[in-house]
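Colleague: I am new to this structure and would like to learn how to read it feature by feature. Could you take me through it slowly, giving the general idea before each case?

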Amino acid sequence: MLELKDLSYYVSGKKILDNVSMSFNVGKKYAILGTNGAGKSTVGYLIMGLEDYKPTYGRVYFNGEDITEKTVYERSKLGITLMWQEPARYEGLTVTNYLTLGGKLDITRSEIEDALEKVGLDPKLYMNRFVDRSLSGGERKRIELASIILLRPKYVVLDEPDSGIDIMSLDMINSIINYIASYGGTPIVITHREEMAYNTEEAYLLCAGKVLVNGETNKVIEIFKNICNTCDHPNVPVSKELKIDGR
Ligand SMILES: Nc1ncnc2c1ncn2[C@@H]1O[C@H](COP(=O)(O)OP(=O)(O)OP(=O)(O)O)[C@@H](O)[C@H]1O
């Protein structure tokens with residue numbers, strides 16, 4: 001289990017996250033939902049332990065072990081991965097080298113071809129391309145999804161997985177989210193679009209850096225649609241407490 005306990009995060013005195021607690025069980029599909037600026041990506045960065053993203057207060061636990069002080073590299077060795085909203089470029093690295101970590105991983109050519117096909121890229125056209133600015137953002141995102149297929153991380157934070165990818169590919173993204181859960185991994189989908197959250201089982205709704213509500217995804221989406229999509233005071237939370245099924 002991955003747990004965030006009472007996380008607060010400040011930048012230059014500004015509170016970005018306010019006492020956020022979340023827990024993610026193995027093999028279950030999660031969404032972190034919220035409007036722009038609610039703090040969703042920041043939660044993802046704190047899960048991944050990016051430099052400059054250590055909690056001001058609170059702790060992060062992995063199977064009961066306090067990993068708050070662990071680096072990105074140490075967390076990735078535990079099986080925690082972040083798929084960036086804006087995928088990285090790697091000048092001079094081919095798609096094949098990227099997917100095999102420069103040949104360090106024991107991955108066959110046919111496994112690479114299969115992963116690329118699953119994300120809608122023709123292996124013949126892409127295996128020898130460079131993961132640099134010559135690839136579009138959507139293509140790089142697909143290549144990151146292919147790397148998830150090959151590496152099978154335990155916890156995968158997918159930050160706005162559909163951004164830069166056409167709407168027709170929602171099914172492809174959802175099939176990869178299902179694949180992660182099928183091998184016992186835990187996908188955590190960060191999104192401001194309810195369409196992207198429907199394929200998950202449990203959701204957290206964030207507003208102004210606070211968890212407004214947590215529960216079954218369908219119920220959280222209803223609240224999101226009824227309250228956030230029509231909100232005239234974004235990121236100024238309502239004072240009344242929102243609860244699902246008494247939680
Ligand atoms: N390093 C920083 N310095 C100042 N403000 C920051 C910093 N990082 C995040 N913020 C602010 O914190 C808030 C939450 O940002 P975050 O990127 O986590 O939101 P988000 O919910 O992922 O939004 P979006 O849906 O637009 O990606 C925003 O108002 C953002 O401007």
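Predicted model: local features only at pLDDT ≥ 70, side-chain atom pairs only at ≥ 80, totals over all residues.

Colleague: Is S163 buried, exposed or partly exposed, and why?

Modeller: The general idea is a count of neighbours: a residue is buried if 20 or more other C-beta atoms lie within 10 Å of its own, exposed if 12 or fewer, and partly exposed in between, with C-beta atoms placed from the backbone. S163 counts as partly exposed because it has 17 C-beta neighbours inside 10 Å. From C-alpha to C-alpha, S163 and D6 are 29 Å apart in space, and in sequence they are 157 residues apart.

Colleague: Where is D6 found, then, and what is its phi?

Modeller: D6 is found in strand β1, and it has a positive phi of about 50° although it is not a glycine. Because D6 has 12 C-beta neighbours inside 10 Å, it counts as exposed. A related case is N19 in strand β2, a residue other than glycine whose phi is also positive, near 55°. N19 has 14 other C-beta atoms within 10 Å, so it is partly exposed.

Colleague: How should I read the pairing of β1 and β2, and how many bridges join them?

Modeller: Two strands pair if DSSP finds at least two bridges between them. Strand β1 (residues 2–11) and strand β2 (residues 14–24) meet this over seven bridges, in the antiparallel sense, and Y10 stands opposite K15 in β2. The hairpin of β1 and β2 has two residues between the strands, and in this hairpin S12 takes a positive phi near 45°.

Colleague: What is the order of the strands in the open sheet?

Modeller: The order is β2-β1-β4-β5, an open sheet of four strands with antiparallel pairing. Its edge strands are β2 and β5 (65–66), each of which pairs on one side only. Further in, β1 is joined by five bridges to β4 (residues 57–62), running antiparallel, with F62 in β4 as the bridge partner of L2. Two bridges then pair β4 with β5, again in the antiparallel sense, and the partner of Y61 in β5 is D66.

Colleague: Which way do the residues of β8 point?

Modeller: In a regular strand the side chains alternate between the two faces of the sheet. In β8, T186, I188 and I190 point one way while P187, V189 and T191 point the other way, and all are buried. Strand β8 runs parallel to β3 (residues 30–33), to which four bridges join it, and also parallel to β7 (residues 155–159), with five bridges. I188 in β8 is the bridge partner of Y30 and of V157.

Colleague: What does I188 touch?

Modeller: Two residues are in contact if their C-beta atoms, placed from the backbone, lie within 7 Å. Not counting residues up to four places away in sequence, I188 touches F24, Y30, I32, Y155, V156, V157 and L158. A nonpolar core is a set of buried Ala, Val, Leu, Ile, Met, Phe, Trp, Tyr and Cys residues joined through C-beta atoms within 7 Å. The largest such core has 61 residues, of which V157, I188, V189 and L205 touch the most other members.

Colleague: Which residues are around the ligand?

Modeller: A residue is near a molecule if its C-beta atom, placed from the backbone, lies within 6 Å of it. Around the ligand are V11, I16, G34, N36, G37, A38, G39, K40, S41, T42 and H192. Helix α1 (residues 40–48) gives the most to this shell, with three residues. Helix α1 is itself mostly covered, with eight of its nine residues buried, and it is followed by G49, whose phi is positive, near 75°.

Technical notes:
Residues numbered from 1 in each chain as written.
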